[in-house]
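Please look over the chain shown below before reading on. The briefing is arranged by topic and is meant to be read alongside the coordinates.

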Amino acid sequence: MSGIAARLTKLSVLAGLLLAVTASSGAAAGSRQGRILGVVPHSGQPAAAPHALSRAIRTAGPTTLTFDASYQNVINQYFTDVAHDSGGNQNVYSVATQYSDGSGAIQYLSTVGGAYVDHNPLPANGCDDGFDTYCLTDQQLQHEIQTVLTTQGWHGGLDHIFFLMTPNGVGSCVSAIGQCSTDTFCAYHNDFTANSERVIYANEPYEGPYPGCADPTTQGFPNDTDGDTTINTISHEHNEAITDPFGNGWIAGDGNENGDLCAYIYGNPLGGSPGSTAWNQVINNHKYSLQEEYSNGNSGCIQRPGGAVSPPNVNEQLSYGFGPVMHTNTTYAIYWLPTARNSSPPVVTGNAIVNQALTTTAGSWAGGTAPFSYQWQRCSSTGTGCADIAGAIAPTYTLTTADGGHVVRSTVRATNVNGVSPPASSASAAAVIDVPALTKAPHISGRAKVGKKLSASRGSWTYLPTGYASQWLRCNSQGGSCSSISHATHSTYKLTRRDAGHRLRLRITATNAAGSLAAISPATARVKR
């Protein structure tokens, strides 16, 4: 099936399939999601079972998550051009001025709010579109949009619309169970509420390289094939969001919106060759090939007010559902070019002991695995307040005295075509052990008199000694020139006649895995007979 008959079938199925879809909550804290609207279907194909069409039209997936070199430039130019020609009646945006809500008619007044390239890694797959390595649900796309809004300080509202462009290799589905960019839609618009703001957005997956999202017999590509394919779906979703932002504006009884009724209908070109260089719009002196938009006043599809009328996909009128329209609009372009995502953290092996070496793995990564860069960090004893260790940028690091008592961890970044990922940190480990250090000296107590018993404390030590050795020392009358007393290796010592006139000390040797350190107590008084 092809041509208008196929589009009718597709649109009819989509109206029943997607307008009833609601996704689960959780796109953003406190979010509410609207129903999927304004689906741009695949052209020239009836609706298929999930993944059937994708396997028919796609044979291999890209390995890098990128855009064509001209893709961003031509889309940004398009938004700027649409804004520049605001107020005119020479393109499809002026068709919408015939529609209104309770507060007045739509104006052709578009401004550009900004464009942003986001390098956040992709989350784990939320769906399977039967083709792409990476697949995101509508809920995950909403989360990305809200993340960018927070980062950029952008806000939602009835007069703002956000277009999310995902790269080649990333598919999307309405939910985890199907209705995907490979078999059901080329784009759609939707809304959600987060932070008490209504956010209107359009999902614009990268469909340029594949059949199904352009009509090769009537559409033209005067700028860039991939970019022009997306621009046509942007025009579709933009005009639908203007006239029906929440599904209760201007919409037909079966769920079709103004763009749906004219999907893949381009009318006569102004120049160029259909399927190649044709264009039917000149916006700010730049050429575009855009589908026509439905006019209730003409009961058909038109390129501009006063232009020739083309028969719509379905003979019906748009009805007003008593909801709001976008009287003016500000457009925002979000290009998601993700860096690699860490799927399992680095693992550090080795003993956390001064002068011994630690080694880290790179961990596991999705969306780009090499090259890796390493940075060791020194943290507090509880694993917080981590800071880079100067020069420690190899997979192996030898611990120094400066690391004693600190937690040392590795961080790893992966690089792909979009840049360097955020760091992935190894799990916290035990604090590094150094040779024991004395914090309070050993102390001898008891009466220094022959026949009496002396007792000693071993003092206080850092780095958790695992063992202590005691050795009593007999010194001269001034407490110097000390020598070990044979077999006097306990914490107590009974003074003998040989000790008379001497002073005694105790040597404590503390030991742990890093080594040993000895400390000597202050001397006793001279031993009396």
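What follows is a short account of the chain as a whole, then of selected helices, strands and single residues.

The structure is a predicted model, and its chain holds five helices and 37 strands. Of the 529 residues in the chain, 50% are buried. Among contacts with a separation of 6 or more, 71% are between residues 24 or more positions apart. The accessible surface comes to about 21,300 Å², and carbon and sulfur atoms contribute 52% of it.

- Helix α5 covers residues 225–243, and 18 of its 19 residues are buried, so that the helix is mostly covered under the cut-off of 20% relative accessible area.
- Two packed helices are described by the angle between their axes and the distance between the axes.
- For helix α3 (residues 71–84) and α5, the axes come within 9 Å and cross at roughly 35°, and the crossing is right-handed.
- On the α3 side the contacts are made by Tyr71, Val74, Ile75, Tyr78 and Phe79, which meet Asp226, Gly227, Thr230, Ile231, Ile234 and Ser235 in α5.
- Ser235 lies in α5 and has a relative accessibility of 0%, and therefore counts as buried.
- Leaving aside residues up to four places away in sequence, Ser235 touches Tyr78, Val92, Tyr93, Leu290 and Glu293; of these, Tyr78 belongs to the α3 residues that meet α5.

**Helix α4**

- Helix α4 (residues 138–152) has 15 residues that should span 21 Å at 1.5 Å a residue, and its end C-alpha atoms are 21 Å apart, which agrees.
- The buried residues in α4 are Asp138, Gln140, Leu141, Gln142, Glu144, Ile145, Gln146, Val148 and Leu149.
- An α-helix has 3.6 residues a turn, so residues three or four places apart point the same way.
- Gly153 follows α4 and has a positive phi, near 75°.

- Strand β18 (residues 329–336) is mostly covered, with eight of its eight residues buried.
- In a regular strand the side chains alternate between the two faces of the sheet.
- In β18 both faces are covered, with Asn329, Thr331, Ala333 and Tyr335 buried on one side and Thr330, Tyr332, Ile334 and Trp336 buried on the other.
- Strand β5 (residues 110–118) pairs with β18 in the parallel sense over eight bridges, and in this pairing Tyr116 stands opposite Ile334 of β18.
- Strand β7 (residues 160–165) also runs parallel to β18, to which six bridges join it, and the bridge partner of Phe163 in β18 is Ala333.

**Two open antiparallel sheets**

- Strand β31 (residues 453–457) is joined to β35 by three bridges in an antiparallel arrangement, and Lys453 has Lys494 of β35 as its bridge partner.
- A further open sheet of three strands has the order β20-β21-β25, again with antiparallel pairing.
- The edge strands here are β20 (348–349) and β25 (396–398), and each pairs on one side only.
- Two bridges join β20 to strand β21 (residues 357–360) in antiparallel fashion, and the bridge partner of Thr349 in β21 is Thr359.

- Gln179 is a residue other than glycine with a positive phi, near 65°; Gln179 is found in strand β9 (residues 178–180) and is buried, with a relative accessible area of 15%.
- Ser196 is likewise not a glycine and has a positive phi of about 65°, and its place is the loop between β10 (185–194) and β11 (197–204).
- With a relative accessible area of 76%, Ser196 is exposed, whereas Gln179 is buried.

Notes:
Residues numbered from 1 in each chain as written. Predicted model: local features only at pLDDT ≥ 70, side-chain atom pairs only at ≥ 80, totals over all residues. Heavy atoms only, no water. Helix = DSSP H or I, 4+ residues; strand = E, 2+ residues; numbered from the N terminus. Buried < 20%, exposed > 50% of the residue type's maximum accessible area, 1.4 Å probe, protein only. Contact = heavy atoms within 4.5 Å. Areas by Shrake-Rupley, 256 points an atom, 1.4 Å probe, with all protein chains shown as cover. Pairing = 2+ DSSP bridges. Axes fitted to C-alpha atoms, helices over the stretch in contact; angles between N-to-C directions. Left-handed = near helix turned anticlockwise from the far one by under 90°. Expected span 1.5 Å × (residues − 1).
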